[in-house]
Amino acid sequence: SPETSTQMKNPDLKPERTKSWEGGLDFIFFDNKLKVNATLYHSRTYNQFFTVALPSSSGYTSVVLNAGRVDNKGIELTTHFDHNIGPVSWSSYLTWTLNRNKIKGLLNGWMNPEDGKVYSLSELDMGGTGGYKMKLVEGGTLSDIYVSTLKTDEHGAIYVDPVSQKVVPESNKYVKAGSASPKYNLSWGNNFSWKGFDLGFLFIYRVGGVVVSETQAVMDSFGVSQASADARDNGGFIINGRPIPAQSYYQTVGSTSNNIDAQYVYSATNLRLSELTFGYDIPVHKWLNWIRSAKVSFVAHNVLMLYNKAPFDPELTANTGTYYQGIDYFMQPSLRSIGFSVKLQF
C-alpha cells in the first residue's frame, strides 16, 4: 500500500566524517621501575545529521541536513611503579584522564531549494521533561543539562509570595546547570605479593560534572523522603533564611509533572573503592604432580563509596545513547559484587 511522508527529501546528504590525530610519549626511569606514558588526542566531527523543522507553508514538516561540527580533545597520563619492599613485591599504577568536547557550530545557513528561504540554528532542543532539557548550543558541550527554575526577586533571591508563603515557578525558563561530563578522572591501584599471597585494590575518583535526580523530586513531592521529613521536623523548609511550609514547597518544586529541577542538581564528584582482591597460590605441586598450579581468590567490585553528595550513584546512566546522561529517574541502585574464584593449571 502507498505511504506518505511529510519529511522533505534531501539528495545532497553526505556521510558523516571525523578527522583525528593522536600522539604519545613513553618514559622509563630508575632501571625500569617507573614507567610513564602520556597520550594526547584531538578529533573533529562534521557533516553530522540534523532534523530541522520546516514551516507548514512549505508543505513539509522537517528535513534532514548535514551540519554541525564537534571538536573533541583530551589527554591520558599513566604511571606504573614496581618496587620490592623487603620480601614483599609492590606494584602501583596511576591513571589520569581528561576529555573536553565543544560544539563549534550547528546549522550556519541552509537555503531551501523549494522556496529559497535560509535556515540557521545556533541551538537545538534534544527534549527532556518538564524539569530539564538536553540542549545543544554553539559553544557548549554534548552533555549540557538545562533545568527549570523558581522565580527570583530583583536581588536574585528566590521569591516567596508574602501572603501564601509559597515559592513560584518561573514558567518556560531553563538555565544551564552544567555538564554531565567530569572535569577529569583519576584511578590509583596497588598490588602486593608475599610468599604466595597477593592483595590488590583500586580507587577511582571522578571530579566534576553535575547530575539531576528526578527520583528525589518525586519522593519529596509525596513527602516520603528524608529531606521532607527533616523539613517537617525543623518547622519548614528554609528559604532566604526563613522557614516556609514544607508541604507547599516540596509539592511545588517536586511536582510529578513540572518539577523544578534547579533544586535537584547535585555534584557528580565521587570517590570509591572500586576493586578489592585477595588471593593465595596453593603449592599443590608438592602433593599432586599432575597439577602445575592452583590459586584461590576473593574478588569484590564496587566495594565502598567513600565520598558522594548525590542521592544516587553518579556513574549510573538511564540511557546508553549520546544524550540524557546524568539524569536519574527511578533507576536501579548500583550493586556491589562479591565472589570467589578457583584457578587450576594442569
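**Salt bridges of the predicted model.** The structure holds eight salt bridges, each defined as a side-chain nitrogen of Lys or Arg within 4 Å of a carboxyl oxygen of Asp or Glu. In this predicted model, local features need pLDDT of at least 70 and side-chain atom pairs count only at pLDDT 80 or more, while totals for chains, interfaces and linings use all residues. Residues are numbered from 1 along each chain as its sequence is written, and side-chain values use heavy atoms, with hydrogens and water left out.

**Close-up of D198 and K295.** The side chains of D198 and K295 form a salt bridge with an N to O distance of 2.8 Å. D198 belongs to strand β13 (residues 197–207) and K295 to strand β19 (residues 293–308), so the pair ties together parts 97 residues apart in sequence. Strands (E, at least two residues) and helices (H or I, at least four) are DSSP runs, numbered from the N terminus. D198 is buried at 17% relative accessibility, whereas K295 is partly exposed at 26%. Buried denotes under 20% relative accessible area, exposed over 50%, and partly exposed in between (1.4 Å probe, protein chains only).

**Close-up of D71 and R69.** The closest N and O atoms of this salt bridge are 2.8 Å apart. D71 is buried, with a relative accessible area of 10%; R69 is partly exposed, at 26%.

**Close-up of helix α2.** In α2 (residues 226–233), S228, A229 and A231 are buried. These buried residues fall within an arc of 160 degrees (directions from the helix axis to the C-beta atoms), so they line one face of the helix. On the other side, Q226 and D233 are exposed.
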